[in-house]
Amino acid sequence: MKAKQTFKVIPRIPERLAPLKRMAYNVIFSWRSEFRDVFQRIDPKLWAETNNNPVLLLGLVDQKRLDELENDAGFISQLEEAAHRFDLYMKVPAQSAADTCVAYFSAEFGLTTCVPIYSGGLGILAGDHLKSASDVNIPLVAVGLLYQEGYFEQYLNNDGWQMESYPANSFDAMPLTQMTDLDGQPIKVNVRFKDRQAAVAVWRVQVGRVPLYLLDTDLAENPPDIRGTTAQLYGGDREMRIRQEIVLGVGGVRALKALGIVPTVIHMNEGHSAFSALERINLLRKDHGLSFDAAREVVRASTVFTTHTPVPAGNDTFAPDLARAYLEEYAKELGISWPVLLGYGRINPRDDGEPFGVTPLSLRLSAHANGVSKLHGLVSRQMWQNIWPKTPVEDTPIDSVTNGVHVSTWASREISRLYSRYLGQDWKEDPDPEHVWEFVSQIPLSELWRAHCHCRESLVAFARRAQHRQLKRQGAPASSLQKAMELLSPDTLTIGFARRFATYKRATLLFSDPKRLAAILNHPERPIQLIVAGKAHPQDNEGKAFIKQIIHYSREERFQNRIVFIENYNIHLASLLTSGCDVWLNNPRRPLEACGTSGMKALANGALNLSVLDGWWDEGYAPQYGWAIGRGEVEADQQLQDYTESQALYNLLERQVGPAFYTRTSDGIPVAWCEMMRNSIKDLVPRFSSHRMVQDYFDRFYRQSSQRYNSLTAHNFRPAAEQAAWCSRLMTAWNEMSVAELYGDCGDVKTVGQTVALTAKVRLGSLKPEDVTVEAYFGSMDHQGEFIDRETLLLTTTGESEAGLQVYQGRIDCRRPGRFGYTIRITPNREKLGNPYALGLVTWA
């Protein structure tokens, strides 16, 4: 039986407690303890039971308790101080001019446990991006999807096999606000699924100063299959995935328009939002009468794309027939044919057998593309070079911006207090992070050690409770439940391994030699304990088998009280693990870890990293900061590589990690260990913080892209139309151009300090000197005559023309000895185009 009508009863918030309501709808409480403490003080038990959800807390707290707090002078004082700080934070003006607005699109956002719309690293990175954008105060809005069931919750059966459940989110009980128009009606936009329209509602989560708009198809006017489009993150089949990406990309841009927001830059966090570029083109055509080519120039100049996936199979593709079913009519709206649109999504547009890929589409419609670490940038250039077949791999236009973590989210309360005491109260928002973190050297080793030991004790206590809950749910006997509450030791060296259980992350590498591992963990003087957590994708049976294998090992007598697997890895558990573990283990198969930000979270708490030289650790590692497994080798024989690196891992644990942890002074402090903790915090935290990352994006990409957007859209979009015509002329006339002659005065030998004078005579055909950029391309050579490294030198035209040839000259400095070579490269004028590789036009001598 269902009720005819429903209504909601909520507590009456006394006037003096009114600031609680506006603070509850801003997830700044997830990284600012002064706001979190206010809600916790209302009812500590209820705060824990509601998953640290202030909206749900205020909806469930007893009215009598609120009335008591109204007359509690201590609480009122605390609330007023928190509200004052909250208002001050929110009123700080953005660091850029009013003509900049970045819209950040992502399929998932990891903000806090009570907004479960994330699965793992990509979402956590996106959440940290928004938090730092708020703290650094970059003019940014964000767009994502509001999942009714989010990602799954993990539980293990008695045999250790991962099972999944999908509890439904109650949006009314979350820090969400449904967006409405001036008449109070919900704002909705429509997208097209084949021959049907899907209505999409818009919600907002306020992330500090940054609004995150979330799209929701679970509306009564939609048929059941369309309502379920935003049901689960990464759920369903390929058709569900293309629907989700249409909602995110097309629906997201339409939602921003409905809200009156005109972004000058779109940042696509992975290819899931690739259709946002197409929809921006669509709106420019409809609203301003631009041609497809002119609209494309505006969009391409103002789009940033970040790829996170180091293997081709991890990038979304759709069979041509499926893509055609959903996008052919949309291509007509764009003013292009279906084969042309299909070509934008292919590495080789002429390959009829190639599927439609969102990564090629994103790369072709972006001015700036980047990987998420230096090594991942290199891997991405190699992976996608064939999109620009005439460009050497090192010049493939994919840069890198190494990820970072939001330190004030991930640093524990104990460690944060140390930072506030020795770095100053404003360390969380200081615009000069490297200067601030120099003060870490003033933290006494004894205080740092005590703070960390307290975190380890909290982790062990949580692990015991979690294991007790797991076993009780599985029907374990009372003796097992009692043992669970005695698991682990708060004084033992603790290693953490927690991440997605993808096979390339090699979760079982540490178990390659169980006998040797047992001897290491049970060393009589230097024992070690291991805490493991992580989820496998519901369809990844191999990853689930890894979890089961670890569970079975943990039950063996030799590993009891030494290995614990904690189920349902989430933000809360990640915070406890990265703050409470002494060592953070990461052993992916290089170079398949794009970045690996969990190690950065551990770093922010002083944990030491023990990792393969992959992702961020390839940049961050030095002996004074932690340990490297191997030297960055990549073996063709994966079994050999697994064996070699497992032995290296065992050796490090036996000979370096264990002895360093247990070598103590008379007062029980491992001085050398603590020196490594302090060194890594001081030197690496500012390098691998999301504040640095977001500022990098702003300085290198956002500012330039916004300026180009404003330039191309000025004077009723005339510059965009002119650039489109210019690009068309380049495409038509490019084959007329060639390098007729090239010579230099280098002879066979030059000495360091001399120069090589170059002269190039170029046949431009119908093009003009201002249409092109002519460069010397030079560097050291290997024995096969290939460039080992390269530099470029802009050549200038002398204005002379001989027999229709344009003469360019320049000088190369001979700065170091070796074998060198040079050639000439001609590309479209990069000042006009921004990304000189966008058109795929390049001519070599």
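Five nonpolar, four polar and two charged residues make up the lining of the largest cavity; here Ala, Val, Leu, Ile, Met, Phe, Trp, Tyr, Cys and Pro count as nonpolar, Asp, Glu, Lys and Arg as charged, and the others, Gly among them, as polar. This is a predicted model, in which local features need pLDDT of at least 70 and side-chain atom pairs count only at pLDDT 80 or more, while totals for chains, interfaces and linings use all residues. Residues are numbered from 1 along each chain as its sequence is written, and side-chain values use heavy atoms, with hydrogens and water left out.

**Cavities**

The structure holds seven cavities of 30 Å³ or more. A cavity is a set of points on a 1 Å grid over the protein atoms alone where a 1.4 Å probe fits but cannot get out, and lining residues have an atom within 4 Å of a point. Grid points are joined across faces, edges and corners, and a volume is the space filled by probe spheres set on the points.

| Cavity | Volume |
|---|---|
| Largest cavity | about 120 Å³ |
| Second largest cavity | about 80 Å³ |

Among the residues lining the largest cavity are H406, W427, D430, W437 and H691. Helices α16 (407–410) and α18 (433–437) each supply at least two lining residues, and α18 gives the largest share, three residues. Helices (H or I, at least four residues) and strands (E, at least two) are DSSP runs, numbered from the N terminus.

The second largest cavity is lined by V191, R192, I246, V250, R254, Y326, L327 and Y330. This lining has six nonpolar, no polar and two charged residues. β8 (188–193), α9 (238–258) and α12 (320–334) each contribute at least two of its residues.

**Strands**

Strand β15 (residues 368–371) is covered on both faces, with H368 and N370 buried on one side and A369 and G371 buried on the other; buried means under 20% relative accessible area (1.4 Å probe, protein chains only). Strand β12 (residues 303–306) runs parallel to β15 and is joined to it by three bridges, with F305 opposite A369. Two strands pair if DSSP finds at least two bridges between them. β15 also pairs in the parallel sense with β16 (residues 399–400) over two bridges, where G371 stands opposite S400.

Six bridges join β23 to the antiparallel strand β24 (residues 755–763), and S738 stands opposite R763.

Technical notes
1 Å grid on protein atoms, 1.4 Å probe; cavity = no way out; pocket = protein on both sides within 12 Å on 5 of 7 lines; lining within 4 Å. Buried < 20%, exposed > 50% of the residue type's maximum accessible area, 1.4 Å probe, protein only.
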